[in-house]
Amino acid sequence: MVVGAGFGGLYALHRLRETGLSVRVFEAGSDVGGTWFWNRYPGARCDVESFDYSYSFSEELQQEWDWSERYASQPEILRYIEHVADRFDLRRDITFDTRVQAATFDEAQGRWLVETDDGEQTSATYLVMATGCLSSSRIPDFPGIEDFQGQTFHTGRWPSEPVDLEGKRVGVIGTGSSGVQVITALAPQVGELTVFQRTPTYILPDWNRPVGPDELRELKATYPQRRREAAKGALGIPIPVTPFNKQSAMAVSEQERVAEYERRWRIGGVCVGFSFKDLMFDKDANDTIAEFIRDKIRERVEDPETAEKLVPTDYAYGTKRPSLGVHYYDSYNRDNVRLVDVRADPIVGLTRNGLRTENTEYELDAIVFATGFDAMTGTLNAIDIRGRGGRLMREHWSAGPRTYLGIGVSGFPNLFLITGPGSPSVLTNMIFSIEQHVRWIAELIEWMRAEGTEVVEPTEAAEDEWVHKIAALADRSLYPATDSWFVGANVPGKPRAFMVYLGGAPAYAKECQDVADAGYAGFEFSRAGAAVLS
Ligand code: FAD
Ligand code: NAP
């Protein structure tokens with residue numbers, strides 16, 4: 001059984017069918033797409049180039065799909081996923097509009113018993129959680145939220161029917177990646193746009209553009225090489241797109257440093273973050289790129305006071321996920337857009353007619369919450385997942401998520417996480433990481449069937465060691481010091497833990513391969529209802 005029909009669930013369905021298993025998928029949404037089904041807000045698009053942010057498992061699929069832009073928009077990505085579902089005849093095994101509420105491991109039978117919100121109970125040998133890292137959207141508990149009489153939207157639950165905001169007074173709360181995209185798209189459309197910003201974002205240019213026929217032909221012809229390069233890149237993105245400079249930012253003169261930033265800025269995208277080897281590890285090095293980006297903001301925004309509000313100052317570059325875009329700052333040069341710094345003038349709550357800060361009341365016809373997600377663990381913890389002895393996974397994770405390889409959880413046999421916490425997941429090209437996980441899990445199941453064993457789970461010792469490894473890798477970096485969703489700081493009461501493997505995609509893939517080559521070291525195997533074998 002697979003839960004979720006986004007990129008992860010669809011590939012799991014396809015690949016596990018190939019192993020000869022019968023597979024059933026439950027999906028809460030009414031169609032395939034996951035992130036790209038739910039996040040239909042104006043301006044939504046990927047920030048990994050389309051040619052990399054796409055499946056590699058089928059050469060025919062690669063050759064028949066024509067990406068129209070360097071960074072595809074949400075409608076195009078959703079069309080692509082729908083095409084994949086049709087092409088590989090995936091929908092026949094997916095039950096839509098159905099949410100998995102509980103899953104209990106029956107130790108006697110060695111099966112997962114699963115309950116869905118339509119009251120159905122069903123069971124499966126293996127349970128694959130392809131529930132997404134960013135799939136539980138979150139609206140903060142603003143007082144008076146139910147009093148507001150206007151329209152409200154969350155970017156991560158944008159309606160599928162058209163939304164007409166033309167001429168309206170619209171407020172956007174949040175300036176992370178979703179906020180940046182929706183603000184850029186709404187600014188020219190709406191009557192008045194008021195942006196409520198608590199923390200400004202570091203934004204890199206994407207220089208998005210259409211892909212012409214010659215470029216398309218060239219890109220398709222070089223796909224195999226591109227995918228091989230992706231496997232060598234720290235982010236699962238080809239090295240030519242993310243060339244890594246092995247020098248320290250502090251080992252070169254200021255002139256050389258700025259020249260390197262400028263050169264990469266002109267190329268655009270995530271390659272800027274690879275300008276020097278120590279940007280994410282050394283505060284002095286990080287300060288240099290942060291200051292470079294701050295100057296870019298000051299150059300672009302006409303009103304100096306607004307520019308200073310848009311400049312991030314209180315956290316290191318990259319420790320909250322940077323956004324991509326070129327026209328965001330132009331929004332603030334428009335007469336119909338104003339920026340409210342809600343750190344200086346905090347939001348008190350919503351009112352019947354709008355939003356109140358400590359100093360001002362803003363009348364609004366609509367409010368867009370670009371306030372993010374209960375990331376990495378929120379969706380899994382919303383399900384009553386019970387492993388051996390009836391233990392709830394959310395209790396096992398009460399001090400932060402515990403996994404082995406980000407794939408398995410001790411005491412939860414035959415349960416597999418796709419891009420789970422403790423894997424490189426959200427700090428990579430997610431489709432690359434999804435494919436790597438699905439392949440690895442399918443191969444493990446094939447191996448188990450060949451060995452005649454039925455139940456697999458990580459040992460507690462292997463899980464402990466992995467949890468320490470994730471923390472140790474993070475502690476060498478600048479990430480843990482920042483209040484970000486990477487550490488769960490955006491959700492009140494969530495335990496603080498850095499949830500991503502920081503060693504890079506190739507090192508992680510090697511760890512997974514080494515585990516497999518050693519007969520799945522760190523996992524123990526048993527027959528259903530029997531004691532653990534090894
Ligand atoms: P999802 O796409 O989140 O799918 C999970 C599915 O599981 C959902 O459809 C959900 O409804 C379903 N589900 C969850 N719980 C249950 C349940 N209990 N019962 C039934 N169904 C359930 N990553 C990148 O690498 N590059 C990008 O450019 C990029 N852009 C992004 C833009 C946005 C706006 C967002 C929010 C994320 C972006 N990401 C990006 C991350 C993105 O989430 C992944 O790239 C990828 O789409 C995740 O696929 P998935 O199948 O793992 O999860
Ligand atoms: P996010 O990064 O968590 O941003 C949420 C924003 O809402 C932040 O600016 C946050 O401010 C603000 N906020 C939250 N609670 C608030 C409150 N009570 N009052 C005022 N402001 C509040 O969420 P997101 O923008 O949806 O992005 C989440 C992730 O999805 C991204 O990091 C990325 O991985 C992915 N994504 C990718 C793309 C893309 O370009 N392809 C687009 C969208 C999303 P603080 O920072 O102060 O908390």
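Me: Which residues come nearest to ligand 2?

Reply: A residue is near a molecule if one of its heavy atoms lies within 4 Å of it. By that rule there are 24 residues around ligand 2, and S178, R198, T199, K320 and R321 come nearest. As for the ground rules, this is a predicted model, where local features need pLDDT of at least 70 and side-chain atom pairs count only at pLDDT 80 or more, while totals for chains, interfaces and linings use all residues. Residues are numbered from 1 along each chain as its sequence is written, chains are lettered from A and ligands numbered from 1 in the order in which they are written, and side-chain values use heavy atoms, with hydrogens and water left out.

Me: Which polar side-chain atom lies 2.6 Å from an oxygen atom of ligand 2?

Reply: A polar contact is a pair of N or O atoms within 3.5 Å; within protein, one must be able to donate a hydrogen and the other to accept it, and residues adjacent in sequence count only if both atoms are side-chain atoms. Here the side-chain atom belongs to S178, at 2.6 Å from a ligand oxygen. Backbone N or O atoms take part too: that of D47 lies 3.3 Å from a nitrogen atom of ligand 2, and that of A370 lies 3.3 Å from an oxygen atom of ligand 2. The protein covers 87% of the 910 Å² of accessible area that ligand 2 has on its own. Accessible areas come from the Shrake-Rupley method with a 1.4 Å probe; for residues, only the protein chains shown count as cover.

Me: How do the residues of the shell around ligand 2 divide, and which helix gives the most?

Reply: Ala, Val, Leu, Ile, Met, Phe, Trp, Tyr, Cys and Pro count as nonpolar, Asp, Glu, Lys and Arg as charged, and the others, Gly among them, as polar. The shell has nine nonpolar, nine polar and six charged residues. Helices (H or I, at least four residues) and strands (E, at least two) are DSSP runs, numbered from the N terminus. Helix α5 (residues 177-186) gives the most to this shell, with three residues.

Me: How many residues surround ligand 1?

Reply: There are 33, and the closest are E27, T35, D47, Y53 and M430. Their shell has 17 nonpolar, 13 polar and three charged residues by class. Three helices, α1 (7-18), α2 (35-38) and α13 (430-451), each supply at least two residues, and α2 gives the most, with three. A polar backbone atom of D47 is 2.6 Å from an oxygen atom of ligand 1. The protein covers 96% of the 990 Å² of accessible area that ligand 1 has on its own.

Me: What is the strand order in the five-stranded open sheet?

Reply: Two strands pair if DSSP finds at least two bridges between them. The order is β3-β2-β1-β7-β19, and the pairing is parallel. At the edges are β3 (94-95) and β19 (415-417), each of which pairs on one side only. Two bridges join β2 (residues 25-26) to β3, and the bridge partner of F26 is T95 in β3.

Me: Which strands does a hairpin join to β15?

Reply: A hairpin through three residues joins β14 to β15, and another hairpin through three residues joins β15 to β16. Strand β14 (residues 347-350) and β15 (residues 354-357) pair in the antiparallel sense over three bridges, with G349 opposite R356. Three bridges also join β15 to β16 (residues 361-363), again antiparallel, and L355 stands opposite Y362.
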